[in-house]
Amino acid sequence: MKWEIQTPELVKEDHMTQIIALVVSGNQITKQGLKERLLRSDLIAFGILGDLVITTATIKNPAASYSKRVFRQSQSPYSSDNFKKELGYIATHPDHEGKGYCQHLLSILLKGIHSPMFATTRKASMIHILSKHGFMKTGRLYKEELSLMVK
């Protein structure tokens, strides 16, 4: 396994294409505009097995209006103004789920990042993984069973 953490402009086109396909395969995000959002992010992390990207995560720069909406809809007691970064676009290839790859990738990605950030998820498994990295649920479920987590 090869682990990469890169700024978006340094991600090879083939890897970017695979990352987009992997994120879209999770059925949480549509492909439309995803590449542009990835290119505006701070860091893209991914694990490569052979030539296949099997897991990915991104430190995003969400629009202030999006952050405010998420915190408001979840009725979080925290202010979105304190959370300028979002951990997102987390996905693992279905053939490689449950092997700890996502957990390891997040350990590497989050190691040197100390600024407050948030994440949203519908998956209990992702809540469990994010909790291991210091994230905690806040507010209540909103918009189709989404949980807001902050670190």
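Colleague: Leaving aside its neighbours within four places in sequence, which residues is Gly88 in contact with?

Modeller: Contact means heavy atoms within 4.5 Å. With neighbours within four places in sequence left aside, the contacts of Gly88 are Ala57, Thr58 and Lys60.

Colleague: What kind of model is this?

Modeller: Residues are numbered from 1 along each chain as its sequence is written, and side-chain values use heavy atoms, with hydrogens and water left out. Local features need pLDDT of at least 70, side-chain atom pairs count only at pLDDT 80 or more, and totals for chains, interfaces and linings use all residues, the model being predicted.

Colleague: Is Gly88 buried or exposed?

Modeller: Gly88 lies in strand S4; helices (H or I, at least four residues) and strands (E, at least two) are DSSP runs, numbered from the N terminus. Buried means under 20% relative accessible area, exposed over 50%, and partly exposed in between, with a 1.4 Å probe and protein chains only. The relative accessible area of Gly88 is 7%, so Gly88 is buried.

Colleague: Which residue has a side chain joined to that of Glu86 by a polar contact?

Modeller: Glu86 is in strand S4, residues 85-92, and is buried because its relative accessible area is 2%. A polar contact is a pair of N or O atoms within 3.5 Å; within protein, one must be able to donate a hydrogen and the other to accept it, and residues adjacent in sequence count only if both atoms are side-chain atoms. At 3.2 Å, the side chain of Glu86 has such a contact with that of Tyr66.

Colleague: At what angle do the axes of H4 and H5 cross?

Modeller: Two packed helices are described by the angle between their axes and the distance between the axes. Axes are lines fitted to C-alpha atoms, for helices over the stretch in contact, and angles run from 0 to 180 degrees between N-to-C directions. Cys102, Gln103 and Leu106 in H4 meet Met126, Ile129, Leu130 and Lys132 in H5. The two axes come within 10 Å, and their crossing angle is roughly 35 degrees.

Colleague: Is Ser147 buried or exposed?

Modeller: Ser147 belongs to strand S7, residues 146-150. Its contacts, beyond neighbours within four places in sequence, include Ala119, Ile127 and Tyr142. The relative accessibility of Ser147 is 4%, so Ser147 counts as buried.

Colleague: What is the phi of Glu145, roughly?

Modeller: Glu145 sits in the loop between strand S6 (136-142) and S7. Glu145 is exposed, because its relative accessible area is 54%. Although Glu145 is not a glycine, its phi is positive, at about 70 degrees.
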